[in-house]
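Please look at the chain shown here before reading on. The paragraphs that follow go through it part by part.

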Amino acid sequence: MTYRSNIIKVMPNTYYDSDSGWGCMLRVGQMVIANLLYMHESIPISKLIKLFWVNSHQPFSIQQFTQATVKLFP
């Protein structure tokens, strides 16, 4: 879990193509979920990393996190 640039815009109609400067809160959340899945569900690291893949529809990608947040807090 680290900062990325040149990512697919995290929300339509915005200029955010990097999470530098604001992505830390999302990265912390991703790290907590990754640790939980690794420690309690014994998901191998190689499979775990794919769940967080940037620029994808994976359940824990930054794009999915951002969309979920907008739905919860419009």
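Is Arg27 buried or exposed? Arg27 counts as buried, because its relative accessibility is 6%; buried stands for under 20% relative accessible area, exposed for over 50%, and partly exposed for what lies in between, with a 1.4 Å probe and protein chains only. The model is a predicted one, in which local features need pLDDT of at least 70 and side-chain atom pairs count only at pLDDT 80 or more, while totals for chains, interfaces and linings use all residues. Residues are numbered from 1 along each chain as its sequence is written, and side-chain values use heavy atoms, with hydrogens and water left out.

Arg27 belongs to helix H1, which covers residues 24–41. Helices (H or I, at least four residues) and strands (E, at least two) are DSSP runs, numbered from the N terminus. The side chain of Arg27 makes a polar contact of 2.7 Å with the side chain of Gln30. A polar contact is a pair of N or O atoms within 3.5 Å; within protein, one must be able to donate a hydrogen and the other to accept it, and residues adjacent in sequence count only if both atoms are side-chain atoms.

Ala34 is also in helix H1, and with 9% relative accessibility Ala34 is buried. Between the C-alpha atoms of Ala34 and Ile45 there are 8.9 Å, and the two residues are 11 apart along the chain.

Ser42 is not a glycine, yet its phi is positive, at about 55 degrees. Ser42 is exposed, because its relative accessibility is 59%.

The next topic is helix H3. Within H3 (residues 62–72), Ile62, Gln63, Phe65 and Thr66 are buried. They lie on the same side of H3, because the arc they cover around the axis is only 160 degrees; the arc is that of the directions from the helix axis to the C-beta atoms. Lys71 and Leu72, on the other side of H3, are exposed. H1 is among what covers the buried residues of H3, where contact means heavy atoms within 4.5 Å.

How many aromatic pairs does a search of the whole structure find? The search finds 1. Phe52 and Phe60 form this pair, which is stacked, with 5.2 Å centre to centre and 25 degrees between the planes. Rings of Phe, Tyr and Trp (its six-membered ring) pair if their centres lie within 6.5 Å; planes under 30 degrees apart count as stacked, over 60 as edge-to-face and the rest as tilted. Phe52 is buried at 6% relative accessibility, whereas Phe60 is partly exposed, with a relative accessible area of 22%.
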